[in-house]
Amino acid sequence: MIGVVATLYVQPDKSAEFEKVFLDLAAKVKANESGCLMYQLTKSKTEAGVYKVLELYASADALKHHGGTDYFKAAGAAMGPTMAAAPNIEYLDAVE
């Protein structure tokens with residue numbers, strides 16, 4: 001399994017717009033990607049505009065598939081104007 005923690009920096013006044021786009025994306029991921037075991041948006045309790053996406057994939061192929069979907073690409077374009085800075089993406093290996 002492969003874990004991903006994506007830290008996203010959103011302009012605080014665009015949080016509602018960002019959340020709407022992301023939740024639509026998450027619904028599509030959960031409905032269409034059996035290899036994506038977890039795809040959860042979380043929001044910092046201490047830093048305004050900081051979100052973390054907790055992701056878990058069954059394999060490298062599942063992660064690659066996720067990034068190649070049309071709905072992922074469309075969501076990225078829609079979220080772009082809401083971002084305050086570039087995301088920080090951390091890739092993790094599962095310990096089993």
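Y39 stands opposite E55 in β3. The strands β2 and β3 pair in the antiparallel sense over seven bridges; two strands are said to pair if DSSP finds at least two bridges between them. In their hairpin, six residues lie between the strands, and G49 takes a positive phi near 80°. Strands (E, at least two residues) and helices (H or I, at least four) are DSSP runs, numbered from the N terminus.

A word on the source: this is a predicted model, in which local features need pLDDT of at least 70 and side-chain atom pairs count only at pLDDT 80 or more, while totals for chains, interfaces and linings use all residues. Residues are numbered from 1 along each chain as its sequence is written, and side-chain values use heavy atoms, with hydrogens and water left out.

I turn to helix α3, residues 70-79. Which of its residues are buried? They are Y71, A75 and M79. Buried means under 20% relative accessible area, exposed over 50%, and partly exposed in between, with a 1.4 Å probe and protein chains only. Seen down the axis of α3, the buried residues fall within an arc of 65°, so they line one face of the helix; the arc is that of the directions from the helix axis to the C-beta atoms. The face turned away from this buried side carries exposed D70, K73 and A77. The cover over the buried residues of α3 includes α1 (15-32).

Leaving aside neighbours within four places in sequence, F18 is in contact (heavy atoms within 4.5 Å) with L8, V10, L41, Y51, M79, T82 and M83.
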